[in-house]
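Please follow the paragraphs below with the sequence and the model side by side.

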Amino acid sequence: MNKKPFMLRTVVAVVIVAVFASSIYPLKPLDFYETFLKLSSTQDDTLEQTMELARELEVQDNVFPSIAMERASRKLGTDLAKYIPLKAATGNKDIIGYVKQQASSSIRLGLDLHGGVEFVLEVVPDAEIEDSDGNKISIPFDTQRETAIEVLRNRLESENIFESEIAPMGDSYVTLKVPTVSKDEINAIREMLTMSARLEFKLVHKDNNSLVRKYLQDPRSFTPPEGYMVMELAKSERHESAEELAYIVRKRPEMRGRGNIAAAYVNIDSFGQRFISLTFTPPGSDKFAKITTKHVGDKLAIVLDDILYSAPVLQTAITEGRAQITGRFSQEEAARISKALMSGNLPRMRVEAIFETDPTLGAEAVRTGTMAGLYGLIAVVVFMLVYYMRAGLIANLALVANIVLIMGFMATFQATLTLPGIAGIVLTIGMAVDANVLIFERIREELKARKNLLTAIDNGYSRAFITIFDSNITTLFVALILMWQGSGPIKGFAVTLTIGIITSMFTSLFLTRLSFDILNRVFRFDSMRMLNFFSEPKFNFLAMKNLAFSVSIALVALTLLALAMFGGRSLSIDFTGGTRLTFDYNANARPSQQAVTEALNIAGFDAKVSYKTNMLQDVASEKLEIVLRERASSEEVEDVDIKSQVEAILVERFPAAQIINGSETSLGALIGMQFAWSAIVAILMAIIGIIIYISVRFEFAFAIAAIIALVHDIIVATGLYMAFGLFVPGIGSGEISLSVIAALLTIMGYSINDTIVLFDRVREDISLMENKSYKDIINLSINQTLSRTVLTSVTTLIVLVALLVSGVAAINDFVLVMTIGVVVGTYSSIFVASPIVSVWHKRIGSRLKD
């Protein structure tokens with residue numbers, strides 16, 4: 001029995017689970033109408049009629065309650081501010097947005113699951129840009145816009161918003177979608193988007209005081225000296241005298257922040273005043289030291305986005321590479337400025353439109369997918385209970401605790417749950433079940449060796465620990481590198497995966513061990529029954545290595561050939577961009593997103609459909625938005641543009657919707673060059689990290705085998721997925737999209753986890769069997785871990801198959817890739833990674849000689 005303090009471990013477990021469980025309330029969104037009633041200060045027949053109509057519209061139009069409530073209040077002319085008076089509210093949209101925020105779950109849901117806000121931004125390019133050395137350079141507009149997109153992505157990530165969608169649109173616009181609902185969040189993001197964060201250090205004229213006095217006497221007729229300009233101090237700043245209201249500063253800055261700032265953070269001085277502390281890069285530090293050394297005694301103005309915040313006197317040279325921006329900042333302002341300075345300079349941008357967007361998956365898809373996932377999870381729980389009996393009950397309790405902890409972590413750290421995030425959760429649930437299976441199978445082995453139950457449990461945990469540690473740490477290593485180097489959805493996936501790995505290790509190694517101790521104290525059991533798929537398997541897996549190698553090489557070759565020939569056509573809108581169409585429609589007869597998508601697919605269009613509402617107009621302006629990649633059919637219709645074709649299809653298919661006033665613009669890819677490059681670098685660094693870790697923990701041959709298996713899994717899963725899209729299009733589209741990339745990243749984690757578990761048993765058997773060949777040892781290790789391999793795959797597939805058969809077209813591609821990946825990952829651990837190690841070493845003696 002575990003000798004560690006029982007009560008202390010129990011208290012620690014209860015406190016941790018309770019803290020994170022409390023943070024996830026409410027776990028799911030509250031009923032919108034009930035929340036409205038709770039928040040309302042008064043209720044009457046008008047409100048009751050409005051809600052009744054809203055409920056009817058929700059069912060009739062298949063829309064979310066907030067949208068139905070807005071339509072019902074508009075139709076009946078109900079002023080919702082009468083019931084929920086908000087000081088900042090300017091109309092019913094603000095009231096509904098506030099209720100939607102109060103009714104939302106504790107976990108921020110992504111654009112695909114909950115919708116959000118779209119900003120349409122006009123990029124105002126700079127004719128010429130000065131680099132960090134002051135040289136004027138001309139940069140093409142497309143390059144400026146691409147840089148702006150990456151800066152926007154960096155700023156959003158600094159606010160823990162990783163799941164945004166940013167793409168170029170038209171000739172001079174950028175479209176940005178973020179998962180947010182409240183007016184305060186929208187305003188904060190709007191301010192962040194319009195802040196250029198152009199920091200400049202400018203010298204003040206030596207005769208500043210007398211010049212400022214002349215300026216104050218007659219500002220209109222005052223002419224500053226050549227090369228200088230008048231800048232008034234920010235209105236929020238304090239000044240001792242009238243002369244300090246303005247400064248005569250040199251037009252050309254002595255130094256810019258671009259490329260020279262290494263860190264920017266909020267600090268508080270001894271008087272309680274906030275300031276922004278700056279740390280320069282080594283080149284920036286040298287440059288600032290030269291400026292301050294040369295101009296000791298002069299005033300140096302600090303200008304941010306053409307606003308003068310301060311102009312301190314340089315009392316001495318500043319050589320330590322630090323500076324500060326003082327001002328009467330609020331905490332939010334100071335934090336926003338410091339994060340903007342760190343993320344980089346933006347070109348000037350104007351907000352042209354703001355739209356509230358519906359979930360991209362559609363209400364029905366979200367409901368159906370959620371229920372299918374729940375049914376799959378219940379099936380896993382039942383399976384574990386039947387197969388492992390008493391131990392299965394402990395595993396199920398740990399599984400529930402693991403999900404609670406994951407959700408609690410996400411709520412505490414304001415992570416956003418999206419479809420890629422769910423991929424990470426599915427993987428970590430599979431790893432949590434896998435860890436329990438590893439422990440239980442080790443306990444089974446100890447019981448077969450005629451150990452008593454308590455000793456078997458102790459030994460089982462001890463022997464399984466190193467395997468669980470290696471497999472989880474390797475996957476965690478991958479997640480941390482993806483989080484460090486990746487961006488956007490890749491970083492969001494990595495955050496969720498990291499959280500899941502930490503929680504699964506806690507529940508499998510700590511919580512289940514404590515549960516066994518509690519059960520033993522209460523019931524004093526001395527046996528543990530379990531079912532068994534394989535009693536003593538003795539399959540010769542390596543005898544099939546030549547056949548397996550031939551099949552794998554053929555599949556990899558065919559996939560690479562297909563990608564070379566049809567790769568461009570297999571990329572989705574996320575990678576290629578396309579044509580964006582918007583239409584007005586009758587909100588009272590709105591067709592579902594799925595119905596519109598199916599109608600366009602039948603006509604040969606590859607389309608993404610969503611609905612949105614203009615938030616800058618007093619009168620509601622709902623829009624149907626359709627993004628098209630290209631015409632799938634080879635048939636062309638001459639002299640008819642795409643907008644007219646689509647409008648004709650929709651008018652014929654949905655006449656009651658009255659679809660009119662179509663507009664058309666180009667839409668760039670969500671995956672820009674910088675985004676793609678950061679993803680490639682992250683994945684390459686993860687692979688290098690895996691090689692180093694496995695080489696240290698095992699040996700180089702194991703590392704090479706694991707990487708070959710990993711690359712094999714990604715390529716083969718991609719090829720099989722594309723084949724399904726070609727030959728069985730009802731199951732998957734075969735297109736490579738962001739959701740498919742998320743699934744492939746999940747396969748990467750699953751594959752390496754599966755391989756490490758097998759390698760760990762091989763390493764153990766090598767130390768116990770000195771005179772056997774690698775072939776015999778590897779065959780034995782595969783057979784010893786076969787039950788665990790099958791059980792882990794089956795439990796993961798149960799959830800995936802439940803999602804796949806649910807028929808939700810919006811998530812089919814994602815689930816199909818995951819399903820293929822689990823099967824291929826299991827196959828490669830046995831028939832790819834293991835045979836490679838066997839071929840590398842004919843006998844153990846050869847390894848020692850190497």
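In the contact between helices H23 and H24, the residues Leu 758, Arg 761, Val 762, Asp 765 and Ile 766 of H23 meet Tyr 774, Ile 777, Ile 778, Leu 780, Ser 781, Ile 782 and Gln 784 of H24, where contact means heavy atoms within 4.5 Å. These residues divide into 8 nonpolar, 2 polar and 2 charged, with Ala, Val, Leu, Ile, Met, Phe, Trp, Tyr, Cys and Pro counted as nonpolar, Asp, Glu, Lys and Arg as charged, and the others, Gly among them, as polar. This is a predicted model, in which local features need pLDDT of at least 70 and side-chain atom pairs count only at pLDDT 80 or more, while totals for chains, interfaces and linings use all residues. Residues are numbered from 1 along each chain as its sequence is written, and side-chain values use heavy atoms, with hydrogens and water left out.

Helix H23 covers residues 738-768 and helix H24 residues 774-784, and the two pack at an angle of about 125 degrees with their axes 9 Å apart; the axes are lines fitted to C-alpha atoms over the stretch in contact, and angles run from 0 to 180 degrees between N-to-C directions. H23 and H24 are therefore oblique to each other, since angles under 35 degrees count as roughly parallel, over 145 as roughly antiparallel, 65 to 115 as roughly perpendicular and the rest as oblique. Helices here are DSSP runs (H or I, at least four residues), as are strands (E, at least two), numbered from the N terminus.

Elsewhere, Phe 383, Tyr 387, Tyr 388, Phe 440, Tyr 461 and Phe 516 form one aromatic cluster, where rings of Phe, Tyr and Trp (its six-membered ring) pair if their centres lie within 6.5 Å, and planes under 30 degrees apart count as stacked, over 60 as edge-to-face and the rest as tilted. By this rule the count comes to 20 aromatic pairs. In one of them, the rings of Phe 383 and Tyr 387 have centres 5.9 Å apart and planes at 10 degrees, so the pair is stacked. Phe 383 and Tyr 387 are 4 residues apart in helix H12 (residues 363-388), a separation of about one helical turn, and both are buried, meaning under 20% relative accessible area with a 1.4 Å probe and protein chains only, whereas exposed is over 50% and partly exposed in between.

Two loop residues complete the tour. Ser 737, in the loop between helix H22 (700-727) and H23, counts as buried at 11% relative accessibility, and Ser 737 touches Ser 572, Asp 574 and Phe 575, not counting residues up to four places away in sequence. Arg 590, in the loop between strand S18 (578-584) and helix H19 (593-602), counts as buried at 8% relative accessibility.
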